[in-house]
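Visitor: I have a chain open and want to learn to read it. Could you walk me through its features?

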Amino acid sequence: DMQFESNTATGGYGGALYCTAITISDNDGTLKFIDNASQEGGGAIAVETKGFGSLDFLRITDNEELVFSRNTAARGGGAIRADGTGRLEITGNKLVSFSGNEVTQSGGGAAILANVATISNNTTLLFQGNVNRSGISGGAVSAYDLVMDGNGSLSFTGNEGGYEGMAVYVKNTLSMCNNDYVEFSRNVGRAGTFANGALYTDREALISGNGEMVFSGNTAPNGAAGYVSYSSLSLTGNGSISFTGNTVTGSSAYPLAGGMFIHVNGNTQIADNNRIEFRDNLVNDTKTGNTFLRGLYVSGNSSYNLSISASVGQEILIYDTAMFDYCPGMRLNSVKVGPDWQATGGWIVFSGKYAEEDLKKHKKDYSAEELLLSRTSTITAATTLYGGVLSVEDGAVLALNGLDVESGAKLNLSGGAIAKIINAKRSTYR
């Protein structure tokens, strides 16, 4: 075992290690970085970036166990800083843990601040209780480009960040693929202009092939608490994805949803996931004073495609409500394959089954208006259902600005549910 403890870089970077290029590999025991500090960046390790390109790197690979705990930096990278031209690789390790690391003044990433980071093929990764007090990006990780592929368990719990990414912020591209288990739970955001999100992606995100993904118990003061996408987004081919028990408290002058906010700023496809569920996601609207359930909010740019689909045997379950405030036509159960669009045959369900039960947990004396808000989903664009079933159930209300149901597709209403077609002239049922 080896330990770097209680080292301080006064007026410089890298509390324990400061380097241009370093590889930490093939250690059988436990390597610990504890209580190190930097008055600049990289509380434990900083990579000096002199524009050497591939020569500026930190590689942490094929180790038994690494622990980064209670390291602090004033200006970004509470544990590790590898920004500028630097690259960070954390690959092939059995256990890597970042806990209680902190940024105290400015800059992102209480655990990691990086330009290009690859965190892949590790057995277990834990990011827990890291705090970014600067009020900006990344409670745990802030990166320009980030790859998190092929890990066993990837967990972000109890981190605290500013208004972009309470746990993870990615400025350019994110690849989060083929992980067995991904969790964002109990992360907390502080007040900012807008957005938050335990996970926040700004330009392009590919999230595919993961086993189970959990967004639960996150709390944000604006936007959404679970995931905020301001990027093009491909959320495809995953197993189970759940948004449960997330809370946002903010003004409805901005879009609000407890679970997920998508601003369609590039082609966006949600398809071929075994099951997506939104339940018990709460909005506390400081503008109106209302408390109600909403899991999903989608707004967007009319220049890009948006499709939300479930294949045969798959389902998208919205037990909360959803707001689709999107300008062009809305495509349901239709996926783009090459240049063509193909119909899919799964279920998209809006259900009020748990509305009263879940709302009462948060507000015992809720009003009739708050209950109605907790049951009513809205799609402001003309909507086409290309295949499968659009089901409105158990007292839910779905308001649509026109609905076109293609041949072979089905609209199902049950349990006192209502589909309110605002513009009947734009509606057909083939």
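Visitor: Where is Leu 332 found?

Guide: Strands (E, at least two residues) and helices (H or I, at least four) are DSSP runs, numbered from the N terminus. Leu 332 is found in strand E40, residues 330–332. Keep in mind that this is a predicted model, where local features need pLDDT of at least 70, side-chain atom pairs count only at pLDDT 80 or more, and totals for chains, interfaces and linings use all residues. Residues are numbered from 1 along each chain as its sequence is written, and side-chain values use heavy atoms, with hydrogens and water left out.

Visitor: Is Leu 332 buried or exposed?

Guide: Buried means under 20% relative accessible area, exposed over 50%, and partly exposed in between (1.4 Å probe, protein chains only). Leu 332 has 3% relative accessibility, so it counts as buried.

Visitor: Which residues is Leu 332 in contact with?

Guide: Contact means heavy atoms within 4.5 Å. Leave aside the neighbours within four places in sequence. Leu 332 is then in contact with Ile 308, Ser 309, Ile 348, Thr 383, Thr 384, Leu 385, Tyr 386, Gly 387 and Leu 390. For Val 283, take C-alpha to C-alpha: Leu 332 and Val 283 are 25 Å apart in space and 49 residues apart in sequence.

Visitor: Now Leu 66. Where does Leu 66 lie?

Guide: Leu 66 lies in strand E9, residues 65–69. Leu 66 counts as buried because its relative accessibility is 0%. Beyond its neighbours within four places in sequence, Leu 66 is in contact with Ile 24, Leu 31, Ile 60, Asn 93, Leu 95, Val 96 and Ser 97. Glu 356 is 290 residues away along the chain, and its C-alpha is 46 Å from that of Leu 66.

Visitor: What about backbone angles? Which value does phi of Ser 6 take?

Guide: Ser 6 has a positive phi of about 60 degrees, although Ser 6 is not a glycine. Ser 6 lies in the loop between strand E1 (2–5) and strand E2 (8–9). Its relative accessibility is 48%, so Ser 6 counts as partly exposed.

Asp 35 is another case: a residue other than glycine, with a positive phi near 60 degrees. Look for Asp 35 in the loop between strand E5 (30–34) and strand E6 (37–38). At 29% relative accessibility, Asp 35 is partly exposed.

Visitor: On to cysteines. How many disulfides does the count come to?

Guide: A disulfide is a covalent bond between the sulfur atoms of two cysteines. The test here is a pair of cysteine sulfur atoms within 2.5 Å. The count comes to 0 disulfides. Cys 19 is buried at 11% relative accessibility. Cys 177 is buried too, with a relative accessible area of 9%.

Visitor: Zoom out. How many helices and strands does the chain have?

Guide: The chain has 2 helices and 51 strands. Buried residues make up 58% of its 430 residues. Among contacts with a separation of 6 or more, 78% join residues 24 or more positions apart.

Visitor: How does the radius of gyration agree with a compact globule?

Guide: The radius is taken over C-alpha atoms, and the globule rule is 2.2 Å times the number of residues to the power 0.38. For 430 residues a compact globule would have a radius near 22 Å, and the chain has 22 Å, so the two agree. The C-alpha trace spans about 70 × 50 × 35 Å along its principal axes.
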